[in-house]
Amino acid sequence: MDGGQTQAPGFRTTVKPPPGMSSSALDKRLGLRKRAREDAARNLPRQDAADLSAAELAVIDVVAAERARVDQARNLAKAEAERRLRALAPEPQDFSGPALDARLALKQAAGRLAQDWGEMAARAAQTRAELASFKDANCLRRAAHYPRSTILQAGLLLLAAVFESLFSAALFAEDDARGLLGGAITAIGLSGANVTLGFLAGFLGLRYLQHVRWPARALGALAFGAIAFLALMLNMFAADWRDRIAAANGGQVDFGDAANFHLWALLQLSTPQAIILLMLGAGVWVFAALKGYSGFDDPYPDFGKMDRAAVAASEALSEFRADAREHLEKPIDEAKQALAARVEKMRAEFAAMNKAYDEAALKMETLDAQARALDDAAAAAVHLYRQENVLARATPAPAYFSAPPPAAGPSLDPLQDCAQMIDGARARLSDAQTQSAQAQESLLAELENTTKQLDSANAA
């Protein structure tokens with residue numbers, strides 16, 4: 001196959017002529033040498049003769065009878081090849097049906113998803129609008145900053161509380177009559193209260209000190225002052241209590257007297273353990289206050305909550321849109337599979353047709369070789385007659401002796417009609433592939449248009 005035109009295979013099969021059809025057999029059968037000498041003695045054929053001699057015509061007639069049988073077999077093979085190729089020719093396929101079904105299913109799926117899509121888009125748009133309004137109302141020109149997970153921050157607070165508990169327990173256990181267990185119980189309560197007050201001071205106090213509205217700032221300052229005062233009283237009370245226990249030198253602790261603590265008692269601390277306990281509590285409280293300020297949420301009140309709501313709505317819309325896109329793509333994928341199956345069916349039929357043509361061409365080449373063998377045998381026999389005639393005659397040979405003898409049968413006829421059928425089938429297959437590609441492209445364009453329409457309708 002070359003340049004879109006199907007041709008017979010380029011090989012040539014060489015076969016021997018049938019028995020009795022070789023040049024020697026024809027000579028023996030027709031007495032060509034003897035007749036050539038006899039014709040030469042009679043000066044035949046004459047020098048000016050243009051027609052073949054009787055001997056030459058006899059050779060052609062004998063070969064033509066055998067050639068007729070070969071030609072009949074060739075015609076039968078050609079007809080059988082054409083019949084088989086017509087049966088194997090690819091059947092035209094409908095490529096518009098799957099595309100129309102897919103468009104209908106696409107519209108149905110879009111109709112089912114439109115309401116939920118609109119609600120999700122409206123919710124996401126509303127949260128974005130609320131976030132933008134919140135930022136404008138509170139003069140915020142930055143993005144929200146908060147940890148994606150608060151587990152680490154809570155772990156740090158717990159670690160600080162454990163650290164203070166262990167250290168305080170050791171300090172209380174030195175002079176507590178109940179030993180390490182009593183010191184541990186007191187230390188755990190002190191560190192838990194200290195971390196809690198520090199976190200509340202940062203979360204409810206420091207964060208509201210930067211609020212754009214003065215009532216919120218005032219409440220934040222009041223909360224911070226009150227919680228800080230409570231934390232100060234707690235840590236000073238603990239330090240003074242530790243100092244009094246040490247002063248009692250292991251005696252029974254008077255908890256009633258310990259409750260009569262005054263602010264100026266800090267100036268009367270006499271043990272380094274009490275001062276260390278006070279500094280440790282202050283440090284843990286400041287650490288917890290900073291974590292409450294920015295460790296769990298954005299430092300500006302409600303900013304992180306608004307931003308998380310907007311992000312969650314956007315992610316929900318994105319996830320819904322991805323799921324909806326899969327539903328919309330499902331009929332498109334089914335149509336693509338149907339189109340591909342039809343094209344593949346035509347390819348398989350064309351391959352079978354090609355194979356049948358190759359088999360017919362091989363069979364035809366064998367018959368053509370037999371016909372050529374008969375023609376060659378006839379030409380050899382005529383050449384033998386002419387050669388003997390020239391050698392035996394005294395006058396010059398006729399001019400037509402120098403021309404090749406005519407073929408015993410008609411010229412060979414290749415499988416032109418079959419080749420045209422193959423070319424037509426190839427053209428139909430190419431057209432089918434083009435139609436399939438165009439149908440798939442139109443379906444993808446329809447999918448994109450449907451998605452854009454849903455997006456634009458929900459955005460409006």
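The largest nonpolar core has 45 residues, of which L85, W117, L328, M353, Y357 and L415 touch the most other members; a nonpolar core is here a set of buried Ala, Val, Leu, Ile, Met, Phe, Trp, Tyr and Cys residues joined through side-chain atoms within 4.5 Å. At least two residues of this core come from each of α3, α4 (96–137), α10 and α11 (416–459), and α10 gives the most, with 18 residues. Buried means under 20% relative accessible area, exposed means over 50%, and partly exposed is what lies in between, with a 1.4 Å probe and protein chains only. For L328, when its neighbours within four places in sequence are left aside, the residues in contact (heavy atoms within 4.5 Å) are L106, A109, A110, L113, W117, L447, T451 and L454. In soluble globular proteins, nonpolar side chains tend to be buried together.

The model is a predicted one, in which local features need pLDDT of at least 70 and side-chain atom pairs count only at pLDDT 80 or more, whereas totals for chains, interfaces and linings use all residues. Residues are numbered from 1 along each chain as its sequence is written, and side-chain values use heavy atoms, with hydrogens and water left out.

As a whole, the protein has 11 helices and 0 strands, where helices (H or I, at least four residues) and strands (E, at least two) are DSSP runs numbered from the N terminus. Of its 460 residues, 40% count as buried. The protein exposes about 25,200 Å², of which carbon and sulfur atoms supply 59%; these accessible areas come from the Shrake-Rupley method with a 1.4 Å probe, and for residues only the protein chains shown count as cover. Among the contacts between residues at least 6 apart in sequence, 85% join residues at least 24 apart.

Most residues other than glycine have a negative phi, and most peptide bonds are trans. Just after α2, N43 takes a positive phi of about 60°, and L44 and P45 are joined by a cis peptide bond with omega of about -15°, P45 being found in the loop between α2 and α3. In the loop between α4 and α5 (151–173), C139 has a positive phi near 55°, and C139 is exposed, with a relative accessible area of 53%. D302, in the loop between α9 and α10, has a positive phi of about 70° although it is not a glycine, and D302 is partly exposed, with a relative accessible area of 35%.

The aromatic rings come last. Rings of Phe, Tyr and Trp (its six-membered ring) pair if their centres lie within 6.5 Å, with planes under 30 degrees apart counted as stacked, over 60 as edge-to-face and the rest as tilted. By this rule the count comes to 7 aromatic pairs. The rings of F224 and W285 have centres 6.2 Å apart and planes at 45°, so this pair is tilted. Because F224 lies in helix α7 (residues 214–248) and W285 in helix α9 (residues 272–295), the pair ties together parts that are 61 residues apart in sequence. F224 is partly exposed, with a relative accessible area of 24%, whereas W285 is buried, with a relative accessible area of 14%. In Y400 and F401 the ring centres are 5.1 Å apart and the planes at 90°, so this pair is edge-to-face, and both Y400 and F401 are buried. Ring pairs also link F134, Y300 and F303 into a cluster.
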